[in-house]
2 protein chains.
Amino acid sequence: MNNKTQLLAAEMDKEEQLPDDCMKNLSVDNLIYAMDQGKLKVLLAKYKHGIAANKWGLIGHWVKLDENLETAAYRVVTQATGVTNFHLDQLATFGKVNRYPLRRIITVVYYSLVRLEETNIIHGENTHEVAWFDVKALPELIFDHDEIVQASLEHLKYKVRHEPIGFSLLPEKFTLLQLQEIYEAILDIKLDKPNFRRKIQKMNLLINCKEKQKDVAHRAATLYRFDINVYEKLKDFGFNFEY
Amino acid sequence: MNNKTQLLAAEMDKEEQLPDDCMKNLSVDNLIYAMDQGKLKVLLAKYKHGIAANKWGLIGHWVKLDENLETAAYRVVTQATGVTNFHLDQLATFGKVNRYPLRRIITVVYYSLVRLEETNIIHGENTHEVAWFDVKALPELIFDHDEIVQASLEHLKYKVRHEPIGFSLLPEKFTLLQLQEIYEAILDIKLDKPNFRRKIQKMNLLINCKEKQKDVAHRAATLYRFDINVYEKLKDFGFNFEY
DNA sequence: ACAAAAGTGTTCTCAATACACCCATGG
DNA sequence: CCATGGGTGTATTGAGAACACTTTTGT
């Protein structure tokens, strides 16, 4: 064993804390999104150990031997955010030979949409810090995580136009402007307010709560909630939100 | 070692022929699609060994230690079809704990679109037979492959409406009816011919070859080819093919 | 002549767009 | 009274759907 190999082995020890009950070459990584005052944010962690030390990266973990991929992703999101009920979908799998410098790791990437007010961020023992970042102002990321984030943002654009996923980012009762801001943040465009309202209302996805906002420095907006039944019907028929 | 374990071990020997230079818990599977006389077909293999013996399944293989996932998928498709230039995209990754009965295997699934007339089907040493199947009349499939096929057909519907992938299934010069048949086969609907023509022509994706079909028992149709330059522009602007 | 597919024309409806305008509330 | 966002009205444009119709070619 030469010096370089020893160094690598030392790094790997520090890095991994890879438990025995996990698969050796497989991880899940999560893109956890939330809306915060009209901005789309993603949750990142600053790691303690190994080659990723003191750098920001996605929130991920190993997959247990007897654990489904989606279960692993769910576990990681819940552990980091405290949220138990959220939208979770597979994005894609990244497996370039050298994406992780020390050995071959394939990562299955999931993305989730959470409601900011339901979160209670906990940083695990492997991380110094866990924080929300505006997707338009991301720090430098470890490994291929920047590529992954960009791919997921593209995918979100695609998705938001064909499924009403926006509702997964809002509290139960929300205003039309809040909903509009989601589309604007994800698609990175400005929308016409009157047209947006009419369009979204015509879809019959919204139920008027017959309540108004409180304590706002302008005319109080009507609160709406999402009609899950109509959504289920729409899924079969197709849904479209092109601009 | 008890009897059952011995049996399993014997099965595994027969099953695998897992080479030393491959990852142990990872495979790629491929959905290879082509159009044949207005029908959408998918390529399947009938395996020789192990628990999949004499059953139909997707065309897959192990991923080499020093091979990217996409490279592995490309290799498998080329090996089975002889085609070297085709549309290849990742679909998703399937990794339920018991999807493969003998041990944990995660499979990264790709789909490819090939031109039937460019194919020269070769069946490898692990398969008795490789054949095209109409997606509307599939045989029983091994493991979770039916779930995978259904997911990919859903994804194709989604995809064909937002990217002009149809062209990847056609010869260089094709008629408008051939193109229409692709949309009809993938979306599983009937389209109005006059409206289809106008719509597709307005997109400026087609170049008139100023040639006609030969030897057809009806009025010869104009041949068109695909304008790749316009497509590249459209990708940025967005593309839509809703019906 | 007939089958089969190519290809054109026309009408109707409705969604998308642009933008002017009024309303309610707190500071 | 003004800033801020809520909310309505309306005219124009163009795409999509339905369908009647003519053209070309081989058998």
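**Exercise 1. Helix 4 of chain B and its neighbours**

Task: In this predicted model, find which elements of chain B the buried residues of helix 4 pack against, and work out why this helix counts as largely enclosed.

Solution: 
- Step 1. Start with the neighbours. The buried residues of helix 4 of chain B pack against strand 1 (22-36), strand 2 (39-47), strand 8 (206-212) and strand 9 (222-226) of that chain, and also against helix 3 (145-160) and helix 5.
- Step 2. Now list the residues involved. Buried in this helix are B:L176, B:L179, B:Q180, B:I182, B:Y183, B:E184, B:A185, B:I186 and B:L187.
- Step 3. Apply the cut-off: a residue is buried when its relative accessible area is under 20%. Because 9 of the 12 residues of helix 4 of chain B are buried, the helix is largely enclosed by the rest of the structure.
- Step 4. Check the span. Helix 4 of chain B covers residues 176-187 and reaches 17 Å from its first C-alpha to its last, close to the expected 16 Å.

**Exercise 2. Positive phi angles**

Task: Look at B:D188, A:D188 and B:F143. Where does B:D188 sit relative to helix 4 of chain B? In which loops do A:D188 and B:F143 lie?

Solution: 
- Step 1. B:D188 follows helix 4 of chain B, and its phi is positive, near 60°.
- Step 2. Turn to chain A. A:D188 belongs to the loop between helix 4 (176-187) and helix 5 of chain A. Its phi is near 55°, a positive value in a residue other than glycine.
- Step 3. B:F143 is not a glycine either, yet its phi is positive, about 50°. You will find B:F143 in the loop between strand 7 (127-134) and helix 3 of chain B.
- Step 4. A:D188 has 45%, so it is partly exposed; B:F143 has 31%, so it is partly exposed.

**Exercise 3. The surface near DNA strand C**

Task: Which residues come nearest to DNA strand C, and which helix supplies the largest share of the surface near it?

Solution: 
- Step 1. Around DNA strand C there are 22 residues, of which A:N195, B:K193, B:P194, B:R197 and B:T222 come nearest.
- Step 2. Helix 5 (193-202) of chain A and helix 5 (193-202) of chain B each supply at least two residues of this surface. The largest share, 5 residues, comes from helix 5 of chain A.
- Step 3. Sort by class: 8 residues are nonpolar, 4 polar and 10 charged.
- Step 4. Pick out some polar contacts. A polar side-chain atom of B:K193 is 2.6 Å from a base nitrogen of DNA strand C, and one of A:R198 is 3.2 Å from a base nitrogen.

**Exercise 4. The surface near DNA strand D**

Task: How many residues surround DNA strand D, and what share of its atoms within 4 Å of the protein belongs to sugar and phosphate?

Solution: 
- Step 1. DNA strand D has 23 residues around it, and A:K193, A:R197, A:T222, B:V216 and B:R219 are the closest.
- Step 2. Of the atoms of DNA strand D within 4 Å of the protein, sugar and phosphate account for 55%.
- Step 3. Here helix 5 of chain B gives the largest share of the surface, 5 residues.
- Step 4. Finish with base contacts. A polar side-chain atom of B:R219 lies 2.7 Å from a base oxygen of DNA strand D, while a side-chain N or O atom of B:N195 is 3.0 Å from a base nitrogen.

Notes: Residues are numbered from 1 along each chain as its sequence is written. Chains are lettered from A and ligands numbered from 1 in the order in which they are written. This is a predicted model: local features need pLDDT of at least 70, side-chain atom pairs count only at pLDDT 80 or more; totals for chains, interfaces and linings use all residues. Side-chain values use heavy atoms; hydrogens and water are left out. A residue is near a molecule or strand if one of its heavy atoms lies within 4 Å of it. A polar contact is a pair of N or O atoms within 3.5 Å; within protein, one must be able to donate a hydrogen and the other to accept it, and residues adjacent in sequence count only if both atoms are side-chain atoms. Helices (H or I, at least four residues) and strands (E, at least two) are DSSP runs, numbered from the N terminus. Ala, Val, Leu, Ile, Met, Phe, Trp, Tyr, Cys and Pro count as nonpolar, Asp, Glu, Lys and Arg as charged, and the others, Gly among them, as polar. The expected span of a helix is 1.5 Å times one less than its number of residues. Buried means under 20% relative accessible area, exposed over 50%, partly exposed in between (1.4 Å probe, protein chains only). Contact means heavy atoms within 4.5 Å.
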